[in-house]
Amino acid sequence: MIRFYNKPECPFCYRVRLVMSYLGVTYQNLPHDDPDNEREWRSLTHAKTVPVLVDGDLVLTDSPVMLEYLQDLHGGLLPEDPRDRARVRSLVQFADNPLGRASREIVFAKRGVPEVDQDQERIAAGTRGFLDALPELTERLGDNEFFSDHYSVADAALSGRFALTAAYGVEIPGQFDKLKRWFESRLEDEFFVSASPPIVTDWLAGRPVREAS
Ligand SMILES: N[C@@H](CCC(=O)N[C@@H](CS)C(=O)NCC(=O)O)C(=O)O
């Protein structure tokens with residue numbers, strides 16, 4: 001069985017958990033800082049980062065490589081056409097930068113910091129970066145249900161980032177209605193909650209109940 005060293009709110013870990021849950025891959029979820037796991041985790045990663053995925057004697061320490069590995073094993077995470085595959089891969093990059101970079105500013109300024117001490121300039125800069133990323137994503141989504149012709153690594157990477165950012169108080173504004181609808185659908189994917197960190201499940205639990213459409 002796959003052993004997966006990770007931490008709940010790491011967006012790189014989150015996207016891999018989403019993909020494994022989507023595929024129905026069973027894995028051992030190992031918090032990297034648990035005293036039972038920490039020594040082994042340290043011995044596996046030169047950079048001392050999470051996630052680390054271990055499958056038999058194979059050790060992977062970079063989430064994009066993990067996504068490619070899961071695609072090679074199970075398929076279904078990328079479209080067929082090489083140009084469409086490149087588009088999906090570029091969206092995974094977009095989820096890290098600019099979207100992830102902006103999200104990181106918001107999350108790091110708020111996580112564990114009393115509200116009065118939070119760096120409002122950093123939060124405002126992160127929020128601007130977040131909003132700046134939305135027109136391009138809206139255009140790339142178009143009228144489609146997914147960022148590809150089916151659920152893909154792009155949907156996993158982007159939905160994880162959006163969920164973490166929302167849990168820290170910054171959501172997609174209503175004017176980006178197609179993107180917002182796509183995100184609401186991802187939140188309802190049956191595997192979404194099981195792959196999500198407590199900060200996201202708590203945020204989901206605190207949202208007003210939505211009318212069935
Ligand atoms: N390129 C790596 C980045 C991994 C990464 O930066 N992980 C962060 C957590 S989100 C990390 O482990 N940072 C060091 C730390 O938390 O001590 C990947 O995609 O897996």
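Two strands count as paired if DSSP finds at least two bridges between them. The legends below apply to a predicted model.

**Figure 1. Pairing of strands β3 and β4.** Strand β3, residues 52-55, pairs with β4 in the antiparallel sense, and three bridges connect the two.

**Figure 2. The open four-stranded sheet.** The four strands follow the order β2-β1-β3-β4, and their pairing is mixed. The edge positions are taken by β2 (27-31) and β4 (58-60); each has a single partner strand, so one side of each is left without a neighbour in the sheet. From one strand to the next, the twist averages 15°.

**Figure 3. Strand β1 and its parallel partner β2.** Strands β1 and β2 run parallel and are joined by five bridges. Arginine 3 has glutamine 28 of β2 as its bridge partner. Strand β1, residues 2-6, is mostly covered, with four of its five residues buried.

**Figure 4. Surroundings of lysine 7.** Lysine 7 lies in the loop between β1 and α1. Within 10 Å there are 15 other C-beta atoms, so lysine 7 is partly exposed. Leaving aside residues up to four places away in sequence, lysine 7 touches Cys13, Pro31, His32, Asp33 and Val50. Asparagine 29 is 22 residues from lysine 7 along the chain, and the C-alpha atoms of the two are separated by 9.1 Å.

**Figure 5. The loop between α2 and β3.** Two residues of this loop are shown for their backbone geometry. Most residues other than glycine have a negative phi, and most peptide bonds are trans. Lysine 48, found in the loop between α2 and β3, has a positive phi, near 55°. Lysine 48 counts as exposed because it has 11 C-beta neighbours inside 10 Å, and the cut-off for an exposed residue is 12 or fewer. Proline 51 also belongs to the loop between α2 (38-44) and β3. The peptide bond joining valine 50 and proline 51 is cis, with omega about 5°.

**Figure 6. The cis peptide bond at proline 98.** Asparagine 97 and proline 98 are joined by a cis peptide bond, for which omega is about 15°. Proline 98 is placed in the loop between α4 (82-96) and α5 (99-110).

**Figure 7. Contact between the two domains.** The protein is divided into domain 1, residues 2-74, and domain 2, residues 82-205. Between the C-alpha centres of domain 1 and domain 2 the separation is 21 Å. The contact involves 12 residues of domain 1 and 16 residues of domain 2. On the side of domain 1 that touches domain 2, α1 (11-23) and α3 (63-74) each supply at least two residues. The largest share of that side comes from α1, with eight residues. By class, the residues on this side of domain 1 comprise eight nonpolar, one polar and three charged.

Note on methods. Residues are numbered from 1 along each chain as its sequence is written. This is a predicted model: local features need pLDDT of at least 70, side-chain atom pairs count only at pLDDT 80 or more; totals for chains, interfaces and linings use all residues. Domain bounds come from an automatic or database domain assignment. Two residues are in contact if their C-beta atoms, placed from the backbone, lie within 7 Å. Ala, Val, Leu, Ile, Met, Phe, Trp, Tyr, Cys and Pro count as nonpolar, Asp, Glu, Lys and Arg as charged, and the others, Gly among them, as polar. Axes are lines fitted to C-alpha atoms, for helices over the stretch in contact, and angles run from 0 to 180 degrees between N-to-C directions. A residue is buried if 20 or more other C-beta atoms lie within 10 Å of its own, exposed if 12 or fewer, and partly exposed in between; C-beta atoms are placed from the backbone.
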